[in-house]
Amino acid sequence: MAQLVCRYRKGEQVKWISHLDLKRTLERALRRADMPLALTQGHNPHPKISYGPPLPLGATGDAELLTVHLAQPVNPSEFRERVNEKLPRGIELTEAWTLPTYKKKETFGEIDVAEYRVRVTGDVEPEDLQRRARELLDRAELTVHRGGRRPERVVNLRPHIISLSLARSEREEVELHMRLRTGSHGGARPQEIVALLGLEGDRRIVYYHRTGLYAGAETPTPHSRGVWHRWSRSRSHKERG
Amino acid sequence: MQDLDFDVLLSRVTKPARYTDGEWNALHKDAARVRARFALISPDTYEVGMSHLGLHILYHVLNSHPDYLAERAFAPWPDMEQQLRSRGLPLMSLESRTPLRDFDALGITLPYELTYTNILNILDLAGVPISPADRGPDDPLIIGGGPGAVNPEPMAEFFDAILVGEGEEAILEIADAVAAGDREETLARLGEIEGLYVPSHYEGRFEGPGPRGGVAPRSGAPTAIKRRFVSDLDAAPFPTNQIVPFLDAVHSRVTLEIMRGCTRGCRFCQAGATYRPRRERTLDTLLRQAEEAVAATGYDEISLLAFTSVDYSHIDELVASLVARFADRGIGVAMPSLRADAFSVSLADKIQQVRKTGLTFAPEAGTQRLREVIHKQLREDDLFAAAEAAFSAGWTRLKLFFMIGPPTETDDDVAAIADLVRRLVAFARGSLGPRRGRFQLSVSIASFVPKPHTPFQWTPQASTEALEHKLHLLHQEIRGRAIKLSWTDSGVSALEAAVSRGDRRVGRAIEAAWSMGAKFDSWGEHFDFERWRRAFAQVDLDLCDYANAALEFTEALPWDHISCGIEKSALRREAERAFTRQEA
């Protein structure tokens, strides 16, 4: 048994496929590449693959994560090359490393921060936006209603916003950078921040791009300078067990 | 079309991946380097259309030829249609996002009667006039084909040409004619291809209400259109590099066509009558294709496609070889169609070592008498033996298909369905012992639909009231925690019958229904039977005249000019045999 951790990119060409569809696509590519996948036992055997937090539909990302269980060890760079040959355009493994054997598994449960670049084109006023972003950050509470799931929940997003800034502004195009808490202890979605900033609507297009997934965020206050651990090879070797 | 604009549309529709292409094995050819460009269109959603093998075959045949190109398009879901219409955008192909109007030909399949309104909607969204008479030299040729082509009349007035029968050989002849250039010349050349029906070269003769009266050729056109079929299935092109959808299509697996045609001779079955003769692929070919397809697609299941896969001559050997090669890689084998007998179950047991899903049998009728009338070769003993074998092999879930309303059916026959189900449940409880709690039985009820080219083509469908009555009886009689009963809406069955036996006048009703907003009729939430009744009435027709008419053997029928290989006299003899048997 061997486990490989991979960082992959989900690009423009595939941003409209759901996380479930992406999982199926990756599994099929692994089989096309003839990788020795370890299968679950039982009546319905399937490959053992863990995924990092899913991207929202329509978002791209270049720091996405997965772990594959293999029946025999495969050299990580050979793995990456052979699988990339069999992946549809827009999906690409950018890094791969072997999980140390003392680690039982890697399911990315500790990831608690996601970093996004959000590009908005169309009808936007940079100064207006700057002011609204500052207003949001100055507020102690930002309550939103989350529908869909019953019962509807009221969530305070403010503690989940670690940073929010206007990185670039041109005529009819701005870029926002945001670091948001994510994971099982609650979090904010980039679309929720965009809605709070009043950027929804027919007259503009919003592009979401995730640039990083992190673990070990310090107390997330507006002015905190947390210590960030980009999820990486070295991290896999930390903390035995 | 700019990607940027399309993103706006995609962000506002459900399942945007229906419209994005880029799947593994999808092809992108350079339009400037080919002689003819085809858009292959399935008039249903992406997921349904991509599950049809015919689309994959034609896509492969055309794109394998250096002179031709094929891209795909599907019926947009109403939310996408609304986005396109509100922005004044035309329907486009998936691969290159080329407006459909810019292709040389649109190949549209006729999979099922209830998709016909979608075809008109697609033409309209493409900006192509729905009537050939209104099309100009710059419009693409509209060419039909597929299962519905065996009675092309209801859609005849919307198509430039319709291929009757199997397409893998004819498609290259069609492409050559399309590449010829101008519309008139192409139409003339299409008319010379065997199996290709050019509706404008014919006119309908109507002799009373309903499907009475034939079709007469105008000067020079052949009197009969002979169905095309591939004589050597083993040598026929078969794509092992099938497109792998991102979305979960209805069938997400390798489709291995092991056999085409069926000789069991069920008298209600149109496919059995129109896909003859029975042809098989050799074991060697199938094993090679299975290896290639698994390597090229990465699917984890191989489905053995045939009307009755257990009738394949070397089925035992095929299954054993496939399981031996693929089981340890986690790749399963599936058979979509089983015969209800112990042999089939033992086969299913061999192949389902990887995945044990439910088993499906189709007794069709509840009494031996009625099964003999419809020529369903199944005895109750076989069914119980199959169930016994299934339970002892570990299955606890069964599915049964029945049909209500076949000719000569009485309330007693309907009650016998419920009785058979009850006895099977009791048998299962006894046979399963401690596992009885896990027993589940799905009972699926369809209605008999008289279909052209079958021995029952002259027979009336039961009225919707009569069908409702039969369903009501079953609802009262079939109850229980372990049983799940599902059925086809009687209005859907009536429309299917009316269109399947339709003549050219029915095309006007289809157009009227589409104008009133009918589309996606095979999707329950979109089907409105009252609207269809009104549509028929608007063009002075009655749907019941088509669905419920008892036709005379001597009458001319709207599909008489289509020759599917079985003489009308032979169908008549078979029908007479069905009805004399029950008197004997």
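Biologist: How many bridges join strand β5 of chain A to β9(A)?

Modeller: Happy to start there, and do keep in mind that this is a predicted model. Strand β5 of chain A covers residues 111-122, and the two strands run antiparallel. One pair to look for on your screen is Val113(A), which stands opposite Arg181(A) in β9(A). The number of bridges joining β5 of chain A to β9(A) is nine.

Biologist: And β8(A) with β9(A): in which sense do they pair, parallel or antiparallel?

Modeller: These two strands form a hairpin with two residues between them. Their pairing runs over eight bridges, and Ser169(A) has Val174(A) in β9(A) as its bridge partner. The sense of the pairing is antiparallel.

Biologist: Which residue in the turn of that hairpin has a positive phi?

Modeller: Look in the loop between β8 (161-170) and β9 (173-181) of chain A. The name you want is Glu172(A).

Biologist: What about His453(B), buried or exposed?

Modeller: His453(B) also has a positive phi, of about 70°, although it is not a glycine. This residue lies in the loop between β17 (440-447) and α15 (464-477) of chain B. The cut-off for burial is 20 or more other C-beta atoms within 10 Å. Because His453(B) has 21 C-beta neighbours inside 10 Å, it counts as buried.

Biologist: Which residue does a cis peptide bond join to Arg276(B)?

Modeller: The omega of this bond is about -10°.

Biologist: Now for the meeting of the two chains: which element gives the largest share of the side of chain B that touches chain A?

Modeller: In this contact, 23 residues of chain B meet 19 residues of chain A. The elements of chain B that give two or more residues to its side are α1 (3-10) and α9 (283-297). That side has twelve nonpolar, six polar and five charged residues. The largest share, four residues, comes from α1(B).

Biologist: Why does the radius of gyration of chain B agree with a compact globule?

Modeller: Chain B holds 20 helices and 19 strands, and its C-alpha atoms fill a box of roughly 70 × 60 × 45 Å along the principal axes. Of its 584 residues, 49% count as buried. For a compact globule with 584 residues, the radius of gyration would be near 25 Å, so chain B agrees, with a value of 24 Å.

Biologist: Which strands are the edge strands of the six-stranded open sheet in chain B?

Modeller: The order of the strands is β2-β1-β3-β4-β5-β6 (chain B), with mixed pairing. An edge strand here pairs on one side only. The two edge strands are β2 (68-74) and β6 (196-197) of chain B.

Biologist: Which helix of chain B packs on that sheet?

Modeller: Within the sheet, β4 (residues 141-145) and β5 (residues 161-163) of chain B pair in the parallel sense over two bridges, with Ile143(B) opposite Ala161(B). The helix touches β1, β2, β3, β4, β5 and β6 of chain B, and its direction makes about 130° with that of β1(B). This helix, residues 170-179 of chain B, is α6.

Conventions. Residues are numbered from 1 along each chain as its sequence is written. Chains are lettered from A and ligands numbered from 1 in the order in which they are written. This is a predicted model: local features need pLDDT of at least 70, side-chain atom pairs count only at pLDDT 80 or more; totals for chains, interfaces and linings use all residues. Two residues are in contact if their C-beta atoms, placed from the backbone, lie within 7 Å. Ala, Val, Leu, Ile, Met, Phe, Trp, Tyr, Cys and Pro count as nonpolar, Asp, Glu, Lys and Arg as charged, and the others, Gly among them, as polar. The radius of gyration is taken over C-alpha atoms; the globule rule is 2.2 Å times the number of residues to the power 0.38. A residue is buried if 20 or more other C-beta atoms lie within 10 Å of its own, exposed if 12 or fewer, and partly exposed in between; C-beta atoms are placed from the backbone. Two strands pair if DSSP finds at least two bridges between them. Axes are lines fitted to C-alpha atoms, for helices over the stretch in contact, and angles run from 0 to 180 degrees between N-to-C directions.
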